[in-house]
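Biologist: I have not looked at this structure before. Please show me how to read a few of its features.

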Amino acid sequence: MVFDGAVFRGPHTSFERTVFRDMTLSCHGTTFTSDQVSFRHALFDHATVEFVGTDFTGTSIDFAASGIRGRTIDFYRATLTDALIGFRSSEVAGTTIRFERCAVTGSRLDFSYLYPDSEASRSVSRLVLEGCAVRRSEVDLRGMAPDGTDVWFTDSSFDDVHVFADKRSDGKGLKVRRVESVGSILPVAATERNRPSA
């Protein structure tokens, strides 16, 4: 399914309860200015999603309560401005959700309860934020099962960013490497790992 170069505008764009199976959803150079774009309760069954060079401005992209099994959801060189990207309560198994070389400003990335505690979703998946510039934004990791996650923040800059994690895990599932952090709040465990040795 190809939406390369398409423009989605207006109050609401819906892909709710859509099944994407053994295919690629291609959004190269696509612009989303709809108030809300919904993939709620959608099923991604060995499907690849590519948001390449995509512009998200003032919009909410909602994957809440969706099922994501295998392959990748890629945000590559995407621009997120005053946007919400939400995967809250989605069931993810053997999948990589990757933000690579993205510019994120004034936005919220919500991965809370991304790996529900159910046998079907226990396969380790990866959440990767790599080579990104993140400013005045929030990243929510609360409620993620720490033994079912592999979360990486690498080669990125955080400026006035708040990363939320459960107090019980305090970021133990988060690996932070070569992240420049200015005025940002990272979980304690992640901060300890990122501290230079004496």
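**Reading the model**

Modeller: Start with confidence, since this is a predicted model. The chain has an average pLDDT of 86, and 84% of the residues score at least 70.

Biologist: Where in the chain is confidence lowest, and where is it highest?

Modeller: Where pLDDT is low, the predicted coordinates should not be read in detail. Confidence is lowest in helix H1 (residues 188-194), with a mean of 61, and highest in strand E17 (residues 103-105), at 98.

Biologist: Is Asp45 buried or exposed?

Modeller: A residue counts as buried under 20% relative accessible area. Asp45 has 15%, so Asp45 is buried. Asp45 lies in strand E7 (residues 43-45). Beyond four places in sequence, Asp45 touches Phe20, Arg21, Asp22 and Arg69.

Biologist: How far apart are Thr48 and Thr72 in sequence and in space?

Modeller: Sequence separation and distance in space are read separately. Thr48 and Thr72 are 24 residues apart in sequence, and their C-alpha atoms are 5.2 Å apart. Thr72 is also among the contacts of Thr48, along with Met23, Thr24, Leu25 and Arg71, leaving aside neighbours within four places in sequence. Thr48 belongs to strand E8 (residues 48-52) and is buried, at 13% relative accessible area.

Biologist: Is Arg17 buried or exposed?

Modeller: Exposed means over 50%. Arg17 is at 63% relative accessibility, so Arg17 counts as exposed. Arg17 sits in the loop between strand E2 (12-14) and strand E3 (19-21).

Biologist: Which residues is Arg17 in contact with, leaving aside neighbours within four places in sequence?

Modeller: Arg17 contacts Arg40, His41 and Ala42, with those neighbours left aside.

Key. Residues numbered from 1 in each chain as written. Predicted model: local features only at pLDDT ≥ 70, side-chain atom pairs only at ≥ 80, totals over all residues. Heavy atoms only, no water. pLDDT = per-residue confidence, 0-100. Helix = DSSP H or I, 4+ residues; strand = E, 2+ residues; numbered from the N terminus. Buried < 20%, exposed > 50% of the residue type's maximum accessible area, 1.4 Å probe, protein only. Contact = heavy atoms within 4.5 Å.
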